[in-house]
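Have the model open as you read.

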Amino acid sequence: YDFIPAFAGKILKKKVFFHVRMIRTTKIEKKIFAWLLNFLSTKIIFVSRATKDNYFPMFNKKAEVVYDWPGDKLIKQNNRKSKPEEFENFDIIVSMVGRLDPWKGQYIFLEIVKKIKLNGLGKVGFFLIGGSVKGKEDYANKILKGAENLSINCLGERNDIDVLLYYSDISVHTSTTPDPFPGVVLESLLSECVTVAANAGGVKEMIDNE
């Protein structure tokens with residue numbers, strides 16, 4: 001699906017541009033993707049340096065990194081909107097945003113919450129935000145059940161992520177495989193959340209850990 005149009009372009013001697021937003025982790029997949037990208041493309045735009053280096057660790061004149069940008073909605077409009085009612089009864093809000101998919105690592109978030117000692121912190125609200133993925137309902141159900149047992153609030157799929165992050169104090173990202181350039185991390189930083197994220201993939205280019 002990704003490469004058939006590019007083969008057509010190559011045959012017709014048209015310019016072919018790829019915008020690469022995935023990191024393949026197996027050795028054979030990386031080799032195949034790198035060969036196809038290099039053979040078929042006029043230019044390859046990568047969403048992060050980590051994504052580029054995954055396929056082309058050495059210099060490649062076709063490769064260029066262009067970072068995503070979520071727009072200025074997060075920093076211009078959020079402070080005009082009222083605090084979500086789900087947050088009202090808490091002093092500190094800890095949020096994790098992401099679809100309920102095993103590689104997003106919600107089960108790690110549950111393990112973290114289970115270990116945290118809350119004495120003296122005030123009233124802390126933990127929130128999972130994101131809908132289930134087709135074909136992975138079993139994982140979603142397991143996470144939702146585990147969250148319920150830990151009094152973690154599950155908000156499901158939402159269209160007001162910008163507001164939820166603006167009123168969150170801490171945003172947690174726990175992807176278990178390298179995330180190419182996770183938008184939620186960028187959105188969290190723009191929302192001035194304390195942002196805790198997996199030390200892999202594009203995250204290393206997004207957070208300066210001091």
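Ser95 touches Phe87, Phe127, Ile129, Ser168, Ile170, Ser171 and Val172, leaving aside residues up to four places away in sequence; contact here is heavy atoms within 4.5 Å. This is a predicted model, where local features need pLDDT of at least 70, side-chain atom pairs count only at pLDDT 80 or more, and totals for chains, interfaces and linings use all residues. Residues are numbered from 1 along each chain as its sequence is written, and side-chain values use heavy atoms, with hydrogens and water left out.

Ser95 sits in strand E4 (residues 92-97), and it's buried, at 0% relative accessible area (buried is under 20%, with a 1.4 Å probe and protein chains only). Its side chain makes a polar contact with the side chain of Ser168 at 2.7 Å.

Now for the pockets.

| Largest | About 340 Å³ | 9 nonpolar, 5 polar, 4 charged |

In the largest pocket, 18 residues form the lining, and Arg99, Lys104, Asp179, Pro182 and Gly183 are closest to the centre. E4 and helix H8 (183-190) each supply at least two lining residues there.

The second largest pocket has 13 lining residues, with Val94, Ile116, Phe126, Ile170 and Val172 nearest its centre. Two or more lining residues each come from E4, helix H5 (106-115), strand E5 (124-129) and strand E7 (170-172). H5 gives the most, with 3 residues.

Terms used
Helices (H or I, at least four residues) and strands (E, at least two) are DSSP runs, numbered from the N terminus. Buried means under 20% relative accessible area, exposed over 50%, partly exposed in between (1.4 Å probe, protein chains only). A polar contact is a pair of N or O atoms within 3.5 Å; within protein, one must be able to donate a hydrogen and the other to accept it, and residues adjacent in sequence count only if both atoms are side-chain atoms. On a 1 Å grid over the protein atoms alone, a cavity is a set of points where a 1.4 Å probe fits but cannot get out, and a pocket is an open set with protein on both sides within 12 Å along at least five of seven lines; lining residues have an atom within 4 Å of a point. Grid points are joined across faces, edges and corners, and a volume is the space filled by probe spheres set on the points. Ala, Val, Leu, Ile, Met, Phe, Trp, Tyr, Cys and Pro count as nonpolar, Asp, Glu, Lys and Arg as charged, and the others, Gly among them, as polar.
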